[in-house]
Amino acid sequence: MEKQQAGIVLHEIESALSFARRHGVDIFDIGDTIRHKYPLKWERIKADWKEIYPGIKINIKVKSHIVRSFVFRQSVDLGGEKK
């Protein structure tokens with residue numbers, strides 16, 4: 001279950017990042033993170049950030065941990081049909 005959850009979260013993050021890059025929006029505030037962690041480098045690249053942002057490589061790591069799980073004795077019917 002944790003692997004499935006991690007896969008779903010990873011897919012959602014990648015989709016959001018792809019959407020943001022297509023629209024030129026830094027929704028994850030990557031530029032601000034660079035500014036705080038590497039201030040001298042940021043000064044050199046900040047003027048070109050809109051051109052740099054869509055092409056930078058971003059590694060996404062998802063660690064999933066399920067604290068509680070419940071046992072389902074019957075399958076969930078999402079179709080709305082009554083049996």
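**Contacts around a serine, then the rings**

Tutor: Leaving aside residues up to four places away in sequence, Ser64 touches Glu2, Gln5 and Ala6. Keep in mind as we go that this is a predicted model.

Student: Where is Ser64 found?

Tutor: Ser64 lies in the segment that follows helix 4 (49-52).

Student: Is Ser64 buried or exposed?

Tutor: Buried means under 20% relative accessible area. Ser64 has 16%, so this residue counts as buried.

Student: Which polar contact joins the side chains of Ser64 and Gln5?

Tutor: That one spans 2.8 Å. The Ser64 side chain also reaches the backbone oxygen of Glu2, at 3.4 Å.

Student: Now the rings. How many aromatic pairs does the structure hold?

Tutor: For pairs, look at the distance between ring centres and the angle between planes. There are 2 aromatic pairs here. Trp42 and Trp49 make an edge-to-face pair, 5.5 Å centre to centre with 65° between the planes. Trp49 also pairs with Tyr53; that pair is tilted, at 5.7 Å centre to centre and 45° between the planes.

Student: Are Trp49 and Tyr53 buried or exposed?

Tutor: The same cut-off of under 20% applies. Trp49 is buried, with a relative accessible area of 10%, and Tyr53 is buried at 2%. Trp42 is buried as well.

Student: What sits over the ring of Tyr53?

Tutor: The charged end of Arg21 does, 5.9 Å from the ring centre.

Methods
Residues are numbered from 1 along each chain as its sequence is written. This is a predicted model: local features need pLDDT of at least 70, side-chain atom pairs count only at pLDDT 80 or more; totals for chains, interfaces and linings use all residues. Side-chain values use heavy atoms; hydrogens and water are left out. Rings of Phe, Tyr and Trp (its six-membered ring) pair if their centres lie within 6.5 Å; planes under 30 degrees apart count as stacked, over 60 as edge-to-face and the rest as tilted. Buried means under 20% relative accessible area, exposed over 50%, partly exposed in between (1.4 Å probe, protein chains only). A charge sits over a ring if NZ of Lys or CZ of Arg is within 6 Å of the ring centre and within 35 degrees of the ring normal. Helices (H or I, at least four residues) and strands (E, at least two) are DSSP runs, numbered from the N terminus. A polar contact is a pair of N or O atoms within 3.5 Å; within protein, one must be able to donate a hydrogen and the other to accept it, and residues adjacent in sequence count only if both atoms are side-chain atoms. Contact means heavy atoms within 4.5 Å.
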